[in-house]
Amino acid sequence: MPSPHSAAEPPGLTRRRVSLVTLGCARNEVDSEELAARLEAGGWTVADDADADVVLVNTCGFIEAAKQESIDELLGAGSGGAKVVAAGCLAERYGAGLAEELPEAQVLGFDDYGDIAARLDAVLAGERWPAHEPRDRRRLLPVSPARRQAAPGGHGPGHGTVSRVEPPDLPPGVAPPSGPRVLRRRLDGAVVAPLKIASGCDRRCSFCAIPAFRGAFVSRPPEDLVGEAAWLAAQGVREVLLVSENSTSYGKDLGDLRSLEAVLPQLAAVPGIERVRVSYLQPAEMRPSLVEVMTSTPGVAPYFDLSFQHASGRVLRAMRRFGDRERFGALLDEIRQRCPQAGVRSNFIVGFPGETEADVAELHRFLTEARLDAIGIFGYSDEDGTEAATLPGQLPPDEIARRVEDLADLADELMAQRAADRLGEVVDVLVEEPHGPGRLGGRAAHQAPEVDGATEVHLWADGPLAAGDMVRATVTGTDGADLLAEAVQPARSARRGEPA
């Protein structure tokens, strides 16, 4: 039987079943949906069940814990007798070395994505596809960003295109309805979806290996983003989360460093899209014009996912980053002067080589002063091929763990305090799921999916509100970083303010 997501197949074609497992970040979620679309178009049925012929694991290769999770998933994926294939960042980063260590799995790199259906056909037929030798993907494109758009090949996941004439066998529900845009097939019915605006990174942070296996920074054209947002809206999406390795660099290779400021209002104006959220912002690249657009454009969440990483200027310089406690504080002041209710989140690395107690105290002071809505604390660990792994002053694991525990406890306390600051605040909550009679679960503008807190809204009376609607509510209580709120009467629908 054909998949409900599939077009009619030629007579005699037997569809193969693949289970697609996604690990890691929202960028990987978009990559998985590209893989799903290409597989569907190639005669495969994407099905999350035990009868799959192949289990395709889209791995994460960012930090040690994520790599171990990917390996554990690969080791267990074939327990039902299915063939196992590794794709994603871990597979791209280690290639043939991973294949040698895990003979249970076939290993595919990013360059295999365009022919993923044929690759899985070969795997199912018993062929051993040769794993690639890892290479620095930054070298696949010109050093000059202005020359990258015209360069042949070298793009990572999320940049594969189809012809302007839609293939006749493209399954229904698979983007794009017109091209050229990335093939995409939604893997869930959530009202929030990531939208990849670029891939790769040109920064050279001493602790990060991502640019070497994700490649140089390449933006997607604005018209592709607007077209894909319209397609997502037609699929029931009400909030798009813009993702990349570095969203503040969007447009540098398109000839306009302010491209993000230009495209945000266009995305917010797409019919059906109620909220646009930007993630992965570099503090050193923030511009007053971007702050203004993000805090004043209707439909754009005043939400700042700022990659601070630390607050000690000395440690940040060793990380090959820019800034310090004073500069970061000034940026936060600028944001809150324009929008006092703006949400801010960030991650921090603790235990970086050479970090002193004075550096930790500087970070402690910044966290206490910054009033961040969400704080992630991570212990430093060496990453293969990075400069930081060769630096002197490596700290013992137990000392790193102690510092992480101390600052994580502080972060929990500070996030709870910041949530309490919002008591009495009126927030617009995007409804994601019912929590019972008269109760709805969702997120306010300062709460991103999965990484931040959530809001439970109590309605004055049962109404027609459902997932995808926006309800205005007053914050009445908190539970850690989570909020409790009472709906404002009358409740408002997400459909551009129509009465519910």
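User: Which residue's side chain is joined to that of R422 by a polar contact of 3.0 Å?

Analyst: Good place to start! This is a predicted model, where local features need pLDDT of at least 70 and side-chain atom pairs count only at pLDDT 80 or more, while totals for chains, interfaces and linings use all residues. Residues are numbered from 1 along each chain as its sequence is written, and side-chain values use heavy atoms, leaving out hydrogens and water. A polar contact (N or O atoms within 3.5 Å; within protein, one able to donate a hydrogen and the other to accept it, with sequence-adjacent residues counting only if both atoms are side-chain atoms) links R422 at 3.0 Å to D373.

User: Is R422 buried or exposed?

Analyst: Buried means under 20% relative accessible area, exposed over 50%, and partly exposed in between (1.4 Å probe, protein chains only). R422 has a relative accessible area of 1%, so this residue is buried.

User: Which residues does R422 touch, leaving aside those up to four places away in sequence?

Analyst: R422 sits in the loop between α12 (397-421) and β16 (426-436); helices (H or I, at least four residues) and strands (E, at least two) are DSSP runs numbered from the N terminus. Counting heavy atoms within 4.5 Å as contact, R422 touches Q341, A342, G343, D373, H446, V475 and L483.

User: Which residue in β20 stands opposite V475?

Analyst: Five strands close into a barrel of mixed pairing, in the order β16-β17-β18-β20-β19. Strands pair if DSSP finds at least two bridges between them; β19 (470-479) and β20 (482-487) are antiparallel over six bridges. Opposite V475 stands A485.

User: What angle does the direction of α12 make with that of β15?

Analyst: β15 belongs to an open sheet of three strands with parallel pairing, ordered β13-β14-β15. Its edge strands, each pairing on one side only, are β13 (303-305) and β15 (374-379). Helix α12 packs on this sheet, touching β14 and β15. With axes fitted to C-alpha atoms (for helices, over the stretch in contact) and angles running from 0 to 180 degrees between N-to-C directions, the angle between α12 and β15 is about 175°.

User: Which residues of helix α4 are buried?

Analyst: Helix α4 spans residues 116-124. Its buried residues pack against β1 (16-22), α1 (26-41), β2 (44-46), β3 (54-59), β4 (83-87) and β5 (105-107). They are I116, A117, R119, L120, A122 and V123.
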